[in-house]
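Take a look at it first, and then we'll go through some of its parts together.

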Amino acid sequence: MRVRRSASLYFALAMLFGVAVLVAVVPLLPVYDPYKQDLGASLTPPFEMIGDRLSLFGTDQLGRDILSRLALAGQVSLFIGLATVVLSLFIGVALGLIAGFFRGWPDTLIMGLADLQLSIPRVLILIAVAAIVGSTIPVLVLLLALTSWVAYGRVARAMAMSLREREFVLSAVTQGASATWNIRKHLLPNVMPQMLIVGSFELGQVIVLEASLSYLGLGIQPPLPSWGLMISEGQSYVEFDPWLSLLPGICIFMLVAGVQFLTQAFTSETDAEGEPAPRPTT
Amino acid sequence: MTAHAADPAPPLLEVRDLVVELATPRGPLRVVDGVSFTVARREVFGVVGESGSGKSITMLAVMGLLPPGMRIAAGTIRLDGQSLPDLDAERLRRLRGGRMAMIFQDPMTSLNPVLRIGTQIAEAVRLHHPDWPAARVHARVIEVLGLVGIPDPARRYRQYPNEFSGGMRQRAMIAMAIANEPDLLVADEPTTALDVTIQAQVMAVLAEARARTGAAMVLITHDLGLVAEVADRVAVMYGGRFMESAAVEDLFRVPSHPYSVGLMASLPRLDRQGEALYSIPGQPPGLADRPAGCAFHPRCGLSADRADCVARVPELRRLGAGAHAVACHFAAETPAWRDSPMVHPPAPPPAAAPAAAARGSGLAVRDLCKEFRVSRPRRWGSDRLHAVAGLSFTIARGETLGLVGESGCGKSTLGRVILGLHQATRGEITLDGEDISRRRARRHRRRMQVVFQDPYASLDPRMSVFEIIAEPLRINGVFRAERVAEMLAHVGLSPDMAERRPAEFSGGQRQRIAIARALALDPEILILDEAVSALDVSIQAQIINLLKGLQRRFGLTFLFIAHDLSVVRHISDRVAVMYLGRIVEMGSREQVFDRPAHPYTQSLLSAVPVADPAARRARIILEGDLPNPLHPPSGCAFRTRCFKARPLCAEAPPALEDRTGGGQLTACHFPEPGMPAVAAMAATRQG
């Protein structure tokens, strides 16, 4: 796998580095408790002193330190994003490969389910279920994963359908290989690179989706912060204290855009076949 | 097709010392390395070479169509005295399609699928005649469509490319190329994607179109037979340079470069049989690792690494007074080497097939049918496609049955049904008397293995060579690392290649890996489904010799499925010819090739170009395309294209039986062994 070195690659790496510092390094520093309220210092703008200390990103309406809240919120958002991608990738690849390899009724069933899901707006399902079941982090992850496997499933199915006709699969069949063998040894390794690409696109989607749910009050529940929730909390102050919503918005942008650009730098050089770039023919 | 070397008139196309470079991060590579030639008016100039030789790039440079990254680094190209690389893009564009036109290999990708055929040709006409009124353009398009033998051109004008068969599409391409009466046609593998009877049609159309328009042609091909039949002069290209250039008769009579000699000796011939093929060792070099000195010296049978060959690039020098030129330091030694036993290896002792036959009855297929259900477009229901319609044959132990037919005749389906990849609709397949067509016969599967055509799709790109060959052993729980090394050695690959991935190997090497995998389980029967069709001539000879060696060594039984009649003749003991799901003729190799009795076999054989200009002959050109297999003709399926068809043929399907004596089976009401005289045959068609 070769990476195309370009400006967008370094831009992406810089943004992801920023997010990583925020999420992994900031909590290690002697910063303030993300939950500690100080109503006397509420809505301090960034780069101002509170007493004898510098408030780097300012405070929110309850006087909580925004930098440490952003860091905690980042951990929450990233965990939800990554856990959802892993879980939905697993579900999607499993169902997609079964549908594409066996065809027949499993295919009809699985793809029928996928079409059904696609025909109902994803946010509507999420809102409905979250409102009924409540929204703890495990529930959120499960819900998001169950509504986002279709992307993996469709790509995996399409690839499985073409791979099962490929000669290396046919020759394994003539050697007595079972369906399990072919799926495990030939299909899975050949679809995984594509699945990781789909996963990187989905990661951004899921984080934005979690943000919108939290914004609606159906995602992460206060006082635990997530980036989306922080945007929503800052909404009432957006006119005079825009940083409350702006800073978590920038964090989401950096993560999502960073992952997208990074994926693009990889995808330009890889494909599912693992073939080298085409050579000029005679 | 007249003489031209002594022609005092200036040549139509003159290329001098052409160098084409490909820019790479590690500096420019020479794709074409100093090529000079001329093409006279009305002449056919053939450029022969294997993949990677630079033959297509040379002509793309002439057309001004080099792919991105490539540029003309040196040399001159003149069309009628006018220097082409000096022209600006606009004037070059007007020359292309006007005075020179190109026909590409793949008519599927060369036509725009969303535009009507007529519209696309009209576009070409209008580009060069912007002042013509629409009616005149339309009339011209209809005229050229008729000229290339497209029936009912007014109706065909309005059809889309997907409504055309492969041969018809290539005719449309030719129509587009000749629409503006170019002086120079460049045909790049124009018939490689077509079946042999269609190839014969298209070449005839091309010849007639050239005769009408007086165009000269550069024919780029890997097919020595095609060049021998069509070209006036030929250049043999290797490693970006011309190795030899001569009048076609001279090249084939006295090839004087060791590479040309090797190519011809490694080509299975329809008009000969028996001897083992010479195989040029090694493989064509990649662009980045072309050897110093003579590009061919590492593979040369004559060079023996002499200092001159390694150090100095040989110039293309004239032999004697004629136009025959050779780029070899030791061209004087070629004639002696050419006739030595090194180039004509003695035939190996015949395989002990009769003795082996005693051990078991081999593979027997009885009344085998395979139907597919094909849903109807725009209507309810489905039709039955009889891909294999009642076949019976046997292959004795250690024997090779060659199965020939054009694309769509069901030969690959038959192979897959025998392998158990498709379930037979009806019929019986037995191996040594045991029925293996049932599903529960999975344990018999390892007794039959397969090698497919496409060496790129045959190997899982994510596995190492070791894992690929180990896979069948692991599936069956008999994995031993030594066995993998043993298999690599059997197919002539070194053990240190085991850790590499398929992408690092060339087509021929990949095919060796696929053969090693197929043999790992020690099968009795090997089904070779076009196993050598995708390979270059020199590599093809290597693989054929390898297969024959393995067959002798392990007593293998081969079902050799192929469309290439010359290869089938070379490798088979017995031959079956298929047409639309049925065997129309079956017999020993000598019977089928020397005394064919079925008109389809006769036309197939006559359509194959033979690599011998002295043997140019009239041929039976079948009319029309393969009928739609969903609705095969009544009676004899071949009657719609047959030159002998009579009313009886439409009524009763002829059974495959011994009609001529000697055990040769023919499914024809009017079998006549031997090649018919073409004149007599034409008369039959009239009557």
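## Where the two chains meet

Two residues are in contact here if their C-beta atoms, placed from the backbone, lie within 7 Å. Keep in mind that this is a predicted model. With that contact rule, 22 residues of chain A are in contact with 34 residues of chain B.

Which helices of chain A each supply at least two residues of the side that touches chain B? They are helix H6 (167-174) and helix H7 (179-215). H6(A) gives the largest share of that side, seven residues. Sorted by class, the side of chain A that touches chain B holds nine nonpolar, nine polar and four charged residues.

## Chain A as a whole

Let's step back to chain A itself. Chain A has nine helices and two strands. Starting at the N terminus, the elements come in the order α-β-β-α-α-α-α-α-α-α-α. Along the principal axes, the C-alpha atoms of chain A fill a box of roughly 80 × 50 × 30 Å.

Chain A has 282 residues, and buried ones make up 41% of them. Take the contacts in chain A with a separation of 6 or more: 72% of these come from residues 24 or more positions apart.

H4(A) has 12 residues and reaches 16 Å from its first C-alpha to its last, close to the 16 Å expected at 1.5 Å a residue. What follows H4(A)? That would be A:Gly134, with a positive phi near 90°.

## A sheet in chain B and the helix on it

Now over to chain B. Four of its strands form an open sheet in the order E2-E1-E4-E5, and the pairing is antiparallel. The edge strands are strand E2 (29-39) and strand E5 (82-83) of chain B, each of which pairs on one side only. Strand E1 (residues 13-22) of chain B is joined to E2(B) by eight bridges, and the two run antiparallel. If you want a spot to look at, B:Val19 stands opposite B:Asp33 in E2(B).

Helix H1 (residues 55-63) of chain B packs on this sheet, touching E1, E2 and strand E4 (70-79) of chain B. The direction of H1(B) makes about 110° with that of E1(B). How many of the nine residues of H1(B) are buried? Nine of the nine are, so the helix is mostly covered. Among the buried residues of H1(B) are B:Lys55, B:Ile57, B:Leu60 and B:Met63.

## Domains of chain B

Chain B is divided into domain 1 (13-238), domain 2 (265-338), domain 3 (353-572) and domain 4 (591-686). The C-alpha centres of domain 2 and domain 3 of chain B lie 34 Å apart. Between these two domains, 13 residues of domain 2 are in contact with 15 residues of domain 3. The side of domain 2 that touches domain 3 divides into eight nonpolar residues, four polar and one charged.

## A closer look at B:Thr334

B:Thr334 sits in helix H13 (residues 334-338) of chain B. Is B:Thr334 buried or exposed? B:Thr334 counts as buried because it has 21 C-beta neighbours inside 10 Å, and the cut-off for buried is 20 or more.

Leaving out residues up to four places away in sequence, B:Thr334 touches B:Ser256, B:His257, B:Pro258, B:Val261, B:Leu302 and B:Cys328. B:His257 is 77 residues from B:Thr334 in sequence, yet their C-alpha atoms are 6.7 Å apart in space.

## Two loop residues with positive phi

B:Glu181 has a positive phi of about 50° although it is not a glycine. You'll find B:Glu181 in the loop between helix H7 (166-178) and strand E7 (184-188) of chain B. B:Glu181 counts as partly exposed because it has 15 C-beta neighbours inside 10 Å.

B:Leu580 is not a glycine either, and its phi is positive at about 50°. B:Leu580 lies in the loop between strand E21 (574-579) and strand E22 (582-588) of chain B. Since B:Leu580 has 23 C-beta neighbours inside 10 Å, it counts as buried.

How values were computed
Residues numbered from 1 in each chain as written. Chains lettered and ligands numbered in written order. Predicted model: local features only at pLDDT ≥ 70, side-chain atom pairs only at ≥ 80, totals over all residues. Nonpolar A, V, L, I, M, F, W, Y, C, P; charged D, E, K, R; others polar. Buried ≥ 20, exposed ≤ 12 C-beta atoms within 10 Å, placed from the backbone. Domains from an automatic or database assignment. Pairing = 2+ DSSP bridges. Axes fitted to C-alpha atoms, helices over the stretch in contact; angles between N-to-C directions. Expected span 1.5 Å × (residues − 1).
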